[in-house]
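Hello,

Here is the structure I said I would pass on. Please look it over before reading the notes below it.

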6 protein chains.
Amino acid sequence: MRLDERQYDELRKIEIQAGYITHPEGSVLISAGNTKVICNASIEDRVPPFLRGEGKGWITAEYSMLPRATAQRTIRESSKGKVTGRTMEIQRLIGRALRAVVDLEKLGERTIWIDCDVIQADGGTRTASITGAFVAMTLAIQKLQSEGVLKENPITDYLAAISVGIDSKQGLLLDLNYEEDSSAEVDMNVIMTGAGRFVELQGTGEEATFSREQLNGLLDLAEKGIKELIEKQKAVTGEVIE
Amino acid sequence: MRLDERQYDELRKIEIQAGYITHPEGSVLISAGNTKVICNASIEDRVPPFLRGEGKGWITAEYSMLPRATAQRTIRESSKGKVTGRTMEIQRLIGRALRAVVDLEKLGERTIWIDCDVIQADGGTRTASITGAFVAMTLAIQKLQSEGVLKENPITDYLAAISVGIDSKQGLLLDLNYEEDSSAEVDMNVIMTGAGRFVELQGTGEEATFSREQLNGLLDLAEKGIKELIEKQKAVTGEVIE
Amino acid sequence: MRLDERQYDELRKIEIQAGYITHPEGSVLISAGNTKVICNASIEDRVPPFLRGEGKGWITAEYSMLPRATAQRTIRESSKGKVTGRTMEIQRLIGRALRAVVDLEKLGERTIWIDCDVIQADGGTRTASITGAFVAMTLAIQKLQSEGVLKENPITDYLAAISVGIDSKQGLLLDLNYEEDSSAEVDMNVIMTGAGRFVELQGTGEEATFSREQLNGLLDLAEKGIKELIEKQKAVTGEVIE
Amino acid sequence: MRLDERQYDELRKIEIQAGYITHPEGSVLISAGNTKVICNASIEDRVPPFLRGEGKGWITAEYSMLPRATAQRTIRESSKGKVTGRTMEIQRLIGRALRAVVDLEKLGERTIWIDCDVIQADGGTRTASITGAFVAMTLAIQKLQSEGVLKENPITDYLAAISVGIDSKQGLLLDLNYEEDSSAEVDMNVIMTGAGRFVELQGTGEEATFSREQLNGLLDLAEKGIKELIEKQKAVTGEVIE
Amino acid sequence: MRLDERQYDELRKIEIQAGYITHPEGSVLISAGNTKVICNASIEDRVPPFLRGEGKGWITAEYSMLPRATAQRTIRESSKGKVTGRTMEIQRLIGRALRAVVDLEKLGERTIWIDCDVIQADGGTRTASITGAFVAMTLAIQKLQSEGVLKENPITDYLAAISVGIDSKQGLLLDLNYEEDSSAEVDMNVIMTGAGRFVELQGTGEEATFSREQLNGLLDLAEKGIKELIEKQKAVTGEVIE
Amino acid sequence: MRLDERQYDELRKIEIQAGYITHPEGSVLISAGNTKVICNASIEDRVPPFLRGEGKGWITAEYSMLPRATAQRTIRESSKGKVTGRTMEIQRLIGRALRAVVDLEKLGERTIWIDCDVIQADGGTRTASITGAFVAMTLAIQKLQSEGVLKENPITDYLAAISVGIDSKQGLLLDLNYEEDSSAEVDMNVIMTGAGRFVELQGTGEEATFSREQLNGLLDLAEKGIKELIEKQKAVTGEVIE
């Protein structure tokens, strides 16, 4: 039995509150257990220089944590004057994942900015950010469609992300909280579409390694979790894909 | 009548939700109308180098806005690699104000870090930050007292802040929202104690000036607002000063 | 009696030397006792991006101290790679104050850059900077008028600034030097026009507070000092306002 | 048939030249086709602050490209004043991977710095860096052993990395060059030990997705390549593990 | 005849005003024609980390220009957040030159900070800085000696610097002003001791070259100028070397 | 006899390997004893803003060292976030030197970027960089000529650089290695053309000084070395000047 009394293949309690902040075109507060992330989607009517005149849109993301999202206060990246490698890695990941389920030509020459701000952290902040960001982005796109700005739906599939891992005592685990993540030997983030196809797979041995067989166990677990997450998303966005 | 149907001397709806984030020693979400700020207080068991060995504590603050706290997305200061002058001015102000109502010797050799993160902005973010920060700090100090770490209460008085201003058409106004603030000729932030004494006074003509008589009208209005805010604070913290 | 034998309501010796540096359109060296600031005004024939095509001008300021302006050498901001919060606060203040007494439409689409460089500091550097900057700016504008570039005088009033404060032993004081400023409980900077109207008011309790009555005493003292400063300015610029 | 006439499961020509630079404790120039990386390992007799007094060592890596490693000159990160997200991601990856095959307690309180400098790039620079870095690190450790500084061999297994991908026309491919990488729909980097266990797995759909079946094909291909790379490494280092 | 009616081998008017700023241990305002530099010397009772415990002192310099020292306003290095290559080159040069005429062991474990701030520029700012810095440093050292802190005079010789150049029409020139410097084909800075020995020699063809014979002419001219400068220095410092 | 058994007027072994990196328009690896520098020349079809529309080209250089080019690992400038003064000084020097032997009007509106990356350092890296950069630049220009892009040869003369110095025991020395450079009292870098004219001369006493007579000895020695270097260059480039 896990510390928080979950089964090994059980997600934490997931809540997605839409319209959390009033200004953004799409906004949600996503909670996965004690992890809470504000995901905002903003529409900008132009694209970065490398895409100008290509007739395509772009999706980019920024990720940050409040200093006291964590048990110990962390220094603000604005005070340090630079963004850490971890932050850059996560924001590149979020943007790349969302672009995999959007037809950028149908989006037209506009940029969707995704801001994921972790206000409380308890493990799985990057996967919660992706799962929440997909909803915020979808709400923003639905707004563009309802206003007649977008004629066609550019979203090609659902998208969610989850962590899985291997604990030396408990074996395979779904949706690790901070304490589980800290002691896990192997940590894997899986990003998957509604059709069950991989968008991104990042498995890391933390001073440890894993076998092909263990990999297969982790992927089965992740797939189960992702399906449940996509049901939670649909409860907010309605059916996005016909 | 004001746009949001308030009287000229009427505060916006104030809500202070304690324990908003679980990790910090003190945490509140303060709402003043549509302005929402997460105020967290963290205790660190050491002081900055200039105070070491003096037997005194320190209180310092950081302030930030989420990119979509505003109607138009603003660039993150961490992406720019530097903090703007406005941000620095506000964080210096918050720290200075709180230090005026705390006996730093009674606090002992520890630092209270205040983090004010605006998640939604509609004017008055710096005054809401101060009003919320006082509550978060008080909660953190009460925690230290209940744990027996602090023997004496270092807080010497209540503290709250409010904006007042002069509109060319409507005259004197209490607690300006963003739209009122943008069109005001004169903007003043007043920070006051429960005893009705000034801690800080910042009045600015925006390409305009103001007379001694107008100043007096603004100060009367501010005093009324501050008294009401301190009642809201007491509802959360209880009586802090015997 | 004060340390330098001044009365409580007596300014330090004020000198304003025009044409101190040859390149700028307007240049003065202002001395207030041992505080010495070079104030240069430069004209640039364009405005910042946010004002382009608006038919209005802009005034902006930068402030700096030489490393040995102070008793202990301070590190250069260029060596640190960033400007401190204090510096940003002061340069925003100087620019805002000057804009309050200039009709930016009459100035036309040009920017006045004000550079205040403190070469020797003994308290009151920000108020001396403003008082000197008004003269440098006026000289630069008079040059534009004499060259026929400006048809109308855009200056709407005189402008000067002074510090006042409360000392626990000596009570109210006008024009604090560094030593007085360091021990004062309350420090207030007042920026006022020739017509006696406030442009900016910044009163701060340094781990202390002040009453409404004390505020009134401080403002009376500041008004007296400002009137004397404006006479000093007129001796350099002549009558600026008809 | 591929552009450079390789079979779909054929590595590029791999060369590992030991002792390339004279100063480092371990140094190799690794070539994988036209990709050339200088990998240097440096021993420092202390560990980062978070490990002090723990009796363990640390391995950390830095990665950089010469401006003309690429077809178009790229701006130096030192000129930009900051390291890109891509660079940070790669250097974190290299360090993490090496730490998975070293017993940090046997290493003792010392740090191994790995510097991977790409002097010519044609795809696969991060995997070539890891494969070369393992050799440079091994040479440095062998030097410590031959000097009697290290009593035991801290290396627990061989380590190499390779890229695999899916091309829309050619299907699965091993060891992609720059041109193949640019047009691939799916790109995966696999880091594996001599025992055939995964250390890290990073699969990314580039505006595309991939199925579980495709994943399995990619992993088979990677495993074949890694085995061949480890033979090349052994030719330089000798048998490292008994 | 030169534009300012000087002979080809004639210095501009040199003035050295001692005690210009009150706080520094040594302070001069040096004028060379229209070039004006404040040179301050500060004593710090410790040395940089690389010299600790060596029983030797250190001399280091910083150089800066006010934004309107020049005909066109230049951006502050503190605003840009970095120091230009030109500035770094000059400050390294000043420090190196002064160290050549000071016995650092006799100076003891203390640092002399030299700050050269150009308030008005008309060519030759780096050579004027060195010539003025020698005087400021000497005054600071004399202060240490008069206070009994230094038992022995650590200064081993006088030091001054001058520019010489070759103009395509006028030939060899001593002490170039800004206009002459801009059109010169060859520009050389010479730093020399009272004994006529070189400390530093920097000759540069500006998209031009120069012969050995021309070099000899330039050096003769520089030597003449340096002798005159050292006389000016002695008038301020008295005889420094017995 | 010198440590490496050279005569006082003997160069180290010089090797210039052309076409070292495939992407740049010109590329060499230059070795001077154990000092090894990759020099790449890149052509860009535009000029910096200050030259636009002038019909002239530009040549600029960047210089860097790999962290383990040196006996002790040095921190990367990209990690520090800023370029050191030494680096800036060297890159300004390289660019200036090359521009002295190129007719920038004949080059046309294009920029030649020179990248000098020291992969192994044993003294004389800046002079080896210049000597190698001239060859890389020449190869790039010859490529432009062979492609018919350039009609005329813009190179006006050969260019090479060498260090000379004075050792307290051994006297005058040509081409100092790291150990000799560290103990030399006087260090001079000489940049000279094929016609024997100076382009740049930088002589520095390291806490020492030098006489006119010593200067003449150093210059004779440098001239000898430069002539030999230019022969080495010609073996790679062929005769560049008719």
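Glu89(A) is buried, because its relative accessible area is 7% (buried means under 20%, exposed over 50%, partly exposed in between, with a 1.4 Å probe and protein chains only). This is a predicted model, in which local features need pLDDT of at least 70 and side-chain atom pairs count only at pLDDT 80 or more, while totals for chains, interfaces and linings use all residues. Side-chain values use heavy atoms, leaving out hydrogens and water, residues are numbered from 1 along each chain as its sequence is written, and chains are lettered from A and ligands numbered from 1 in the order in which they are written.

Glu89(A) sits in helix α2 (residues 85-99) of chain A; helices are DSSP runs of H or I with at least four residues, strands are runs of E with at least two, and both are numbered from the N terminus. Leaving aside residues up to four places away in sequence, Glu89(A) touches Arg126(A), Glu89(D), Arg92(D) and Arg96(D), where contact means heavy atoms within 4.5 Å.

α2(A) packs against helix α4 (residues 125-146) of chain A at an angle of about 40°, the axes being 10 Å apart. Axes are lines fitted to C-alpha atoms, for helices over the stretch in contact, and angles run from 0 to 180 degrees between N-to-C directions. α2(A) is therefore oblique to α4(A) (under 35 degrees is roughly parallel, over 145 roughly antiparallel, 65 to 115 roughly perpendicular, the rest oblique). Among the residues making the contact are Glu89(A) of α2(A) and Arg126(A) of α4(A).

Regards
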